[in-house]
Amino acid sequence: MTSIDVRPADLQPIRIGVSSCVIGEEVRWNGGHSRQRYLTDMLGPFVEYVPVCPEVEVGMGVPRPTVRLVRQGDDIRMIEPKNGVDWTSSMRRLSLKRSSELADEGLHGFVLKKDSPTCGVFRVRIYTDKGVERNGRGIFADALIRRMPHLPVEEEGRLNDAKIRENFVERIFGYRRLRELFRPRWTIGDVVAFHTREKLLLRAHDEKGYRELGRLVANAKAVPRAAFADDYMDRFMEIMKRPATVSKHVNVLQHMIGFLRREDDDVGRRQMHEAIADYRAGLVPLIVPMTLISHLATRHDQQILLDSSYLSPHPKELMLRNHV
Ligand code: SF4
């Protein structure tokens, strides 16, 4: 897959783990794939994929009988319904081992196949004596999430939703910035500068969370380095998970107008208020006020806005803010 390099020279490439079948590898039980076009055609050129098919790696073969999650007392087993073969122990072992290996792969996110008893993240079917519950999680997905709790994880099916897609891509790029921040020799000054650049983006997700994170930064000297870094990453990624709604974006954009200090630019400020009103009314997507505020920030020489990750949280070529 060709890769477009849109990163500053000192940044690591974005590396995304994927269920192999969602990028077109023919590893499904029936010998087919579940290619997700957004992943291969749109996001693919900006990232390096690290494909994993746990069912093939555990030795089930292709093609193979289907497996399902089955409740047996307090336990949930992975069973082939056709002939009763129980793969639970092998799959748990493989999942723990692969999750540990993947933790050393420098991943920035993971996209998993929905509904799979191995890879599904949300609402996977569990078969019980009384019927089917839809509250399970695939064995591999569960091990992966436990091993890497900060890692942005999403299901390929949910990426068809523009808001979920934008949120996921924002998180993977945010996670890379976080990892770059907490390189071995980070300083509190680095964290303060980072937090300043991320302020508007965080506020678009969760104002209260942003303020709490600010208090953590203010108190950073009093906390052991490793514990601080872990806590900051944890809270940062939790904030980013919360949806950035229209009204939160409107608040941030209005706050940004306050930075436009050139007195002779009433026209610019008025255009910005109009663009925000149109965005709030659903007449234009977020990209419209974002583009205008970028131009105005340049015209007003507002470096603090231009440096903000809110204005460029991911490559513009992905056009994610054209649809939210
Ligand atoms: S869902 Fe997971 S286990 Fe199933 S074929 Fe895809 S990658 Fe393999």
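1. Two strands count as paired if DSSP finds at least two bridges between them. In this predicted model, strand β3 (residues 68-72) and strand β6 are joined by two bridges and run parallel.

2. On the subject of β6, the strand covers residues 124-128 and is joined to β7 by five bridges. Here the two strands run antiparallel. I126 stands opposite E133 in β7, and T128 stands opposite G131 in β7. What do β6 and β7 form with two residues between them? They form a hairpin.

3. These pairings belong to an open sheet of four strands, in the order β4-β3-β6-β7. The pairing within the sheet is mixed, with β3 and β6 parallel and β6 and β7 antiparallel. Which strands stand at the edges? They are β4 (75-79) and β7 (131-136); each has a single partner strand, so one side of each is left without a neighbour in the sheet. From one strand to the next, the twist averages 40°. In a regular strand, side chains alternate between the two faces of the sheet.

4. Some overall values for the protein chain follow. Its secondary structure comes to 12 helices and eight strands. Of the 324 residues in the chain, 35% are buried. The C-alpha atoms fill a box of roughly 80 × 50 × 40 Å, taken along the principal axes. Considering contacts between residues at least 6 apart in sequence, 66% join residues at least 24 apart.

5. The next points concern pairs of helices. Helix α3 (residues 88-103) and helix α4 (residues 139-147) have axes that come within 9 Å and cross at roughly 40°. The two helices are therefore oblique to each other, and α3 passes α4 in a right-handed crossing. On the α3 side, the contact is made by M91, R92, S95, L96, S99, S100, L102 and A103. On the α4 side, I139, F140, A143, L144 and R147 take part. By class, the contact of α3 with α4 has eight nonpolar, three polar and two charged residues.

6. How are α6 and α9 placed relative to each other, roughly parallel or roughly antiparallel? The axes of helix α6 (residues 188-205) and helix α9 (residues 246-257) cross at roughly 150° and come within 7 Å. Angles over 145 degrees count as roughly antiparallel, and α6 and α9 are therefore roughly antiparallel to each other. Their crossing is right-handed. L200, R203, A204 and H205 in α6 meet K248, H249 and V252 in α9. The residues of this contact of α6 with α9 comprise three nonpolar, two polar and two charged.

7. Helix α10 (residues 266-280) and helix α11 (residues 287-299) have axes that cross at roughly 160° and come within 9 Å. That angle makes α10 roughly antiparallel to α11. The crossing of α10 past α11 is left-handed, whereas that of α6 and α9 is right-handed. From α10, the residues in the contact are G268, Q271, M272, A275, I276, D278 and Y279. They meet V288, P289, L292, I293, L296 and R299 in α11. The contact of α10 with α11 divides into nine nonpolar, two polar and two charged residues.

8. Why does D41 count as exposed? D41 has 10 C-beta neighbours inside 10 Å, and a residue counts as exposed if 12 or fewer other C-beta atoms lie within 10 Å of its own. D41 and T66 are 25 residues apart along the chain, and their C-alpha atoms are separated by 29 Å.

Notes: Residues numbered from 1 in each chain as written. Predicted model: local features only at pLDDT ≥ 70, side-chain atom pairs only at ≥ 80, totals over all residues. Axes fitted to C-alpha atoms, helices over the stretch in contact; angles between N-to-C directions. Buried ≥ 20, exposed ≤ 12 C-beta atoms within 10 Å, placed from the backbone. Contact = placed C-beta atoms within 7 Å. Parallel < 35°, antiparallel > 145°, perpendicular 65-115°, else oblique. Left-handed = near helix turned anticlockwise from the far one by under 90°. Nonpolar A, V, L, I, M, F, W, Y, C, P; charged D, E, K, R; others polar.
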